[in-house]
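Student: Could we go through this model together, one question at a time?
Tutor: Gladly, let's have a look.

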Amino acid sequence: MAEQSESPTKSVMEKIIEKVHHHESSSSDSELDSDKPDPLESVKAKIWRLFGREKPVHHVLGGGKPADVFLWRNKKVSAGVLGFVTAMWVLFELIEYHLLTLVCHILILAAALLFLWSNACTLINKSPPRIPEVHLPEKLVLQVASALCVEINSAFAGLRSVAAGKDYKKFLMIIAGLWVLSIVGSSCHFLTLFYICFVLLHTVPVLYEKYEDKVDPLAEKAMVEIKKQYAVFDAKVLSKIPVASLKAKRV
């Protein structure tokens, strides 16, 4: 009888021990799997990105609210900004309304309304409207001026290095860019060019972020082909042009 009563207890204990061992083995396997690198992430890290970037598009655009607007994180705000710029372009370019005239008319209307409102409030014994004090923060103005100064100085440094004849590749890129800008400038006004650039900033980044896995391989092939053609051009033309330093040594 004692042996029969001990046998079911032993079987129950054996089942419990087996379950504990099975749970421990499964948890150790899951830990090992979690330690292994994800093959998808490793493949994505090795994919060639446009312009050699290693950060997401949002970070490349500077992050913060401007990047959110360009990438349509808040569709109402992005649509409102694009609609406002479109209205300004239609007003100044198509209707040919002048900026100075618009500013003067807005100021005249605002001053007349506030003047009449203040006088009407004194006649009907009501408190006059509170006109807020508007002023630009000095820190923001200094930051913008400092950023513009850095960009302008870097542009001057690039032009100086190109003018010195040190970098043929940069020289050709600048000449090609200025030539394209001259063609575009001859066919449209500066305001239209600004509006086209603004629309491109509102459409190209968000489309690229959506289809970057398809765009990047095509861009990689195009860059390889461009490098091949540049190598041929360098071997046939640029390598035969004497460098400015060699000319100085000869003199």
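Student: Is phenylalanine 171 buried, exposed or partly exposed?
Tutor: Buried means under 20% relative accessible area, exposed over 50%, and partly exposed in between (1.4 Å probe, protein chains only). Phenylalanine 171 has 36% relative accessibility, so the residue counts as partly exposed.

Tutor: A word on the source: this is a predicted model, where local features need pLDDT of at least 70 and side-chain atom pairs count only at pLDDT 80 or more, while totals for chains, interfaces and linings use all residues. Residues are numbered from 1 along each chain as its sequence is written, and side-chain values use heavy atoms, with hydrogens and water left out.

Student: Which helix holds phenylalanine 171?
Tutor: Helices here are DSSP runs (H or I, at least four residues), numbered from the N terminus. The run covering residues 168–187 includes phenylalanine 171, and that run is helix α8.

Student: How are the rings of tryptophan 89 and tyrosine 195 arranged?
Tutor: Rings of Phe, Tyr and Trp (its six-membered ring) pair if their centres lie within 6.5 Å; planes under 30 degrees apart count as stacked, over 60 as edge-to-face and the rest as tilted. The structure holds two aromatic pairs. In the one formed by tryptophan 89 and tyrosine 195, the centres are 4.8 Å apart and the planes lie at 5°, so the pair is stacked.

Student: Which helices do tryptophan 89 and tyrosine 195 lie in?
Tutor: The pair ties together parts that are 106 residues apart in sequence, because tryptophan 89 lies in helix α5 and tyrosine 195 in helix α9.
Tryptophan 89 is buried at 18% relative accessible area, and tyrosine 195 is buried at 15%. The helices asked for are α5 (residues 75–94) and α9 (residues 190–210).

Definitions and conventions
Helix = DSSP H or I, 4+ residues; strand = E, 2+ residues; numbered from the N terminus.
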